[in-house]
Every structure is written in structure tokens, then in C-alpha cells.
Amino acid sequence: MALENKQRRFSSLIVKIIAANCLTLLVCVALSASITYLRYRNDNILYYNDRALAVAETIAASIDGDNFKETVRSGQKSESWRREKAALDSALSRIKLEYLYIIDSDYDEKVTYYMEAETEQSDLSLGDTDDAFNYAAEMFQTIKTGQSTITDVYVSGTYGILVSGFAAIRDSRGDVVGVVGADVSVRDVFSLKHRLEFAVRLLIVVALCAVAPIAIQAFFLRRMVGRPVKELTAAAARLGGGDLAVSLSIRTGDEIEKLADTFAKMAVRLNEYIENLTRVTAEKERIGAELDVATKIQTSMLPCIFPAFPHRAEFDIYASMQPAKEVGGDFYDFFLINENKLAVVIADVSGKGVPAALFMVIAKTLIKNNAQYDKSPKEVFETVNNLLCENNEAGMFVTAFMGILDIPSGKFTYANAGHNPPLIKRANGQYEWLPTNPGLMLAGLEDMIYSQDEIQLDSGDILFLYTDGVTEAVDRENRLFAEPRLKDALNAYRGQDLRGLLLSIKREIDNFADGAEQADDITMLAFARR
């Protein structure tokens with residue numbers, strides 16, 4: 001736990017900000033130190049250059065040019081030369097030069113010395129020579145032009161890191177007869193020790209100057225940022241734990257205060273959203289329960305026990321209905337009008353869901369009630385059509401097919417109100433379309449006149465009734481199952497019993513859809529005379 005608290009402390013926002021500022025400060029200090037050191041070094045070099053040039057010009061002004069030329073020619077160290085040599089040695093020790101020397105102006109590949117101040121490394125004297133390439137180009141420029149010159153820093157393997165100043169010696173006629181060279185060592189300026197000492201001093205000064213601002217920054221960051229952020233974090237944790245009554249009172253006058261206000265509003269809206277969601281969920285559960293009851297009621301209204309008439313051997317019947325939603329608008333029905341007449345009905349109400357289911361109940365009840373009066377299919381449709389047109393403000397309608405079988409004779413009388421035409425299979429034959437004269441759907445217009453047809457059903461003949469949910473089933477590419485595919489499927493399974501036939505057709509539809517959502521109710525009814 002202690003390690004976890006320590007890690008949390010060092011990963012806090014304030015620590016990160018201060019660490020970033022310290023890192024930025026260190027980078028700035030390093031850059032400042034480098035720039036300051038370079039300026040300091042250049043200033044030192046300029047100072048050494050000026051000192052070397054001043055010494056060279058002072059010594060050059062004190063040398064007798066006429067005597068200089070004669071002394072170089074004769075090679076004799078006169079009393080005047082000795083006095084000049086003593087002055088040169090004194091200047092070297094007093095001004096702390098590295099080298100101080102006087103050279104003749106005549107040179108080829110060798111330069112000739114007039115004198116040199118005594119040092120531990122060199123004791124060249126009158127008449128001694130040295131290779132010309134050991135000397136800076138600025139010295140030869142002074143000899144040629146008579147103008148004083150100074151050098152940049154140059155490194156000599158023999159003499160070290162130097163800057164030099166050169167001044168011309170002139171005779172009474174003004175001719176250049178020699179040159180004075182003053183070398184100043186700058187090795188201390190470039191030494192590692194010197195640079196480290198400079199950097200350490202600068203870092204100490206900057207660090208001392210930065211401690212106070214960083215401490216002040218840490219104090220204000222902790223007060224203005226750290227505490228509000230901790231309060232926001234704690235509030236978010238409480239909200240995540242289910243405490244929706246979170247309140248914040250952060251007044252920093254900046255973006256953190258806006259964030260806190262936004263968070264508080266979010267908590268209020270989240271609370272409202274959860275309350276609304278609870279109400280909506282409860283309402284959905286209530287509606288779901290009611291739809292479940294409605295589904296059971298609708299299912300119970302359709303004949304669903306097979307065999308439907310086990311005591312009647314003259315015919316067989318099987319039907320199924322699968323709604324697209326919880327409740328549907330399709331329905332089928334079959335019932336005995338009397339001992340000798342069997343009615344079969346299949347219908348499809350416009351739309352889906354609860355409105356279609358309610359309209360279906362009304363249509364089914366009206367059709368069955370009117371058929372019980374021993375009316376023909378034509379008369380049933382004409383009566384029901386006018387009844388459904390009354391107060392049909394929703395503009396709903398229903399397509400239907402109804403047939404009545406005279407059981408003893410096999411005569412089948414039927415009427416079509418805008419419904420899909422059935423298919424008929426004669427004994428040992430193929431399924432073919434049943435000729436129908438489709439009229440207008442029920443509840444379309446009042447006082448419609450419907451026609452009816454008659455056929456003879458013999459033993460082994462089968463009628464297949466269906467709704468458009470069968471032929472208009474679609475696959476993933478939105479292609480229709482369609483009438484030709486239905487006819488082919490019926491003929492492929494024509495040898496099966498009625499239940500097996502309907503199950504096989506439904507399986508064909510499901511295989512064709514390949515997972516595509518069912519768009520409409522799928523209802524089928526098969527009827528056979530024995």
C-alpha cells in the first residue's frame with residue numbers, strides 16, 4: 001500500500017507539471033550556459049589580443065630602427081641591444097606573456113632573430129634562425145605592409161594555444177626593418193577544468209534563482225489545480241460507484257471551474273436519463289407482457305390442434321402462421337357449417353403488428369359469423385365488406401380467399417377478394433394454379449359485388465392456400481421467393497403429407513432468406529379430400 005501511494009504521488013498531475021518545468025529549465029540553463037560561456041571565451045580572447053597588440057606596439061616604438069639594422073648586419077651585441085633585451089625580459093615577466101620576440105624583416109625560408117625574451121622553452125638570440133612556416137601569416141603581413149596585426153586563436157604543437165600581436169619596427173626613413181611579436185597563451189580559456197568551473201558556478205546561480213519560482217509554482221499549482229482535480233476525481237469515482245447526487249463547488253475562474261460545472265450538469269442529466277430509462281424500461285416490460293398475452297390470444301383464436309377433425313375421414317387439413325412481429329395480421333380458419341359443409345378461409349390484413357391484429361380479429365369474426373348462416377362465399381364477402389367499411393377511418397383493408405366444400409359431393413365453391421391465387425394438385429398430378437376471378441379487397445369500397453367459382457374435388461386432390469408473405473419473402477440481396485419458386489417447391493414435395501408439405505415449404509423459404517429478416521407474416525393452409 002505504501003508503494004502504491006508513493007507511485008500515485010509521483011504520478012500526480014502537479015508532479016508531472018513541475019517535472020516538465022524543471023526539465024525545461026535545465027534545458028534552458030544548459031543552452032544559456034553554452035551561449036554565456038562562448039561569449040565569455042570570446043571576450044577573453046579579444047582581451048588577450050588587445051594586450052598582445054599593445055605590448056608589441058609599445059616594444060616596437062622603443063626600438064631604434066637604424067641601430068636594429070646595423071646590429072643584425074654585424075651580429076655584435078652592443079650595449080644598446082643589451083638594454084633592449086633587459087627591457088624585453090622585464091616586459092615578458094611583468095605582463096605574463098608566453099613569448100616576446102623581435103625578428104628581422106628579411107626572410108626567405110628562414111627568419112632571423114634580433115632577440116627573444118628568455119623562457120623555459122626557447123632562448124633564441126641575435127642571429128639565430130627558425131623555419132618560416134612556424135610563424136603566423138599575420139606576422140609576415142605586418143612585415144610587408146607595416147600595419148599592426150593580430151591573429152585568431154591558433155594551436156601549435158610546439159608552443160600551445162596562442163593569440164599573437166605584431167607591430168613593425170621602422171628606421172629613420174620609415175622603412176620596416178623588423179617586427180615585434182607578442183604571444184599570449186589562452187590554454188586556460190579552453191581547458192576542461194575552466195569550462196566545468198564556469199558551468200558549475202552558472203548552474204548554482206541559476207538553480208538558486210529558480211528554486212523560489214518553482215516552489216511558488218508548486219504551491220499555486222497544488223492550490224489552483226491539484227485540489228480541484230482531486231475533487232473532480234473523487235466526484236467521478238462516486239458517480240461511477242452509483243452516487244448520482246454528486247455536488248461540486250470549485251471556483252477557480254478558469255477552465256477547471258467550467259469542467260466542474262459541466263461535470264455537475266452531466267451528473268444531473270445522467271440522473272434524469274436513468275430515471276427516464278427506468279420508466280421507459282418498465283413501460284417496455286409492460287408492453288412486452290401485454291404483447292405476449294396478445295400473441296397467446298391470437299394463437300388461441302386460430303385452429304391449432306391437428307388433426308382438426310379426427311372423426312371425419314372425408315378430408316384432411318393442416319395450417320400454420322408465423323407473424324413477422326409479436327402479433328400479425330394474417331389469419332386462417334376452417335370450420336364445419338353443418339354436417340355436410342366445410343369452410344376454409346385464409347386472409348391477409350394490411351400492415352403488421354397490433355393494428356393489423358385487431359382488424360384481423362374483426363374480419364375473422366365477421367367472416368365466420370356470416371358463414372354460419374349458410375351463405376355462399378360470394379354473399380359472405382359482400383356482407384363482410386360493407387360491415388368493415390363502416391367507421392374504417394384508419395383505411396385498413398384485408399385480402400381473403402374463402403371456399404366451402406360440400407362434403408358428400410366434393411363440390412368446392414370459392415371466392416377471391418384480392419388474395420393470392422391458390423394452387424391445386426389433382427391425384428397423382430402436379431401442382432397448378434387454381435383459376436380464380438379476384439375481386440377487390442374487403443373494406444376497400446362499399447357495395448362491392450364479388451363473383452364465385454366451382455370445381456369438383458376428388459379423392460387425393462389437394463388445395464394449397466397461402467399469403468403474400470410466402471412469395472414476397474426476400475434474401476440478403478432483396479430478391480423475392482416468388483410464385484415460380486413456390487410452385488417448384490410444392491411439386492418437389494408433393495408426395496409428402498400435409499404437415500410435412502408445409503414444414504418443407506417453410507424450410508425452403510428459410511434457406512432462401514439465408515438469415516434475412518422476415519418482412520411479412522407467413523401463413524399457409526393445405527386441404528385434401530380423401
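Leu270, Tyr273, Ile274 and Leu277 make a nonpolar surface patch of about 340 Å². Tyr273, one of the four, sits in helix 8, which spans residues 255–301. The model is predicted. It holds 13 helices and 17 strands. The salt bridge count comes to 20.

**Overall build**

- The protein has 530 residues, and 41% of them count as buried.
- Take the contacts with a sequence separation of 6 or more: residues 24 or more positions apart account for 67% of them.

**Salt bridge Asp104–Lys69**

- Asp104 and Lys69 pair through their side chains in a salt bridge, at 3.6 Å from N to O.
- Asp104 belongs to strand 1 (residues 99–104) and Lys69 to helix 3 (residues 65–74), so the bridge ties together parts 35 residues apart in sequence.
- Asp104 counts as buried because its relative accessibility is 6%, under the 20% cut-off.
- Lys69 counts as partly exposed, with a relative accessibility of 33%. That value falls between the 20% and 50% limits.

**Salt bridge Glu70–Arg73**

- Glu70 also forms a salt bridge, with Arg73 as its partner. The closest N and O atoms are 2.2 Å apart.
- Both residues lie in helix 3. They are three residues apart, about one turn of the helix.
- Glu70 is partly exposed at 38% relative accessibility.
- Arg73 has a relative accessible area of 61% and is therefore exposed, the cut-off being over 50%.

**Salt bridge Arg426–Asp461**

- A salt bridge joins the side chains of Arg426 and Asp461, with an N to O distance of 2.7 Å.
- Both partners are in loops. Arg426 lies between strand 13 (423–425) and strand 14 (431–433), and Asp461 between strand 15 (452–456) and strand 16 (462–466), so the pair ties together parts 35 residues apart in sequence.
- Arg426 is partly exposed, at 35% relative accessibility.
- Asp461 is buried, at 3% relative accessibility.

- Lys69, Asp104 and Asp106 form one network, joined by salt bridges that share partners.

- Phe140 is placed in helix 5, residues 137–145.
- The relative accessible area of Phe140 is 13%, so this residue counts as buried.
- Phe140 touches Tyr107, Val111, Ala132 and Tyr135, leaving aside residues up to four places away in sequence.
- Phe140 and Ser105 are 35 residues apart along the chain, and their C-alpha atoms are separated by 8.4 Å.

**Points to check in the view**

- Is Asp461 buried or exposed? Asp461 is buried, with 3% relative accessibility.
- Where do Glu70 and Arg73 lie? Both are in helix 3.

Terms used:
Residues are numbered from 1 along each chain as its sequence is written. This is a predicted model: local features need pLDDT of at least 70, side-chain atom pairs count only at pLDDT 80 or more; totals for chains, interfaces and linings use all residues. Side-chain values use heavy atoms; hydrogens and water are left out. Patches are made of residues with over 30% relative accessible area and no salt bridge: like charges are joined within 9 Å, nonpolar side chains (Val, Leu, Ile, Met, Phe, Trp, Tyr) within 5 Å. Accessible areas come from the Shrake-Rupley method with a 1.4 Å probe; for residues, only the protein chains shown count as cover. A salt bridge is a side-chain nitrogen of Lys or Arg within 4 Å of a carboxyl oxygen of Asp or Glu. Helices (H or I, at least four residues) and strands (E, at least two) are DSSP runs, numbered from the N terminus. Buried means under 20% relative accessible area, exposed over 50%, partly exposed in between (1.4 Å probe, protein chains only). Contact means heavy atoms within 4.5 Å.
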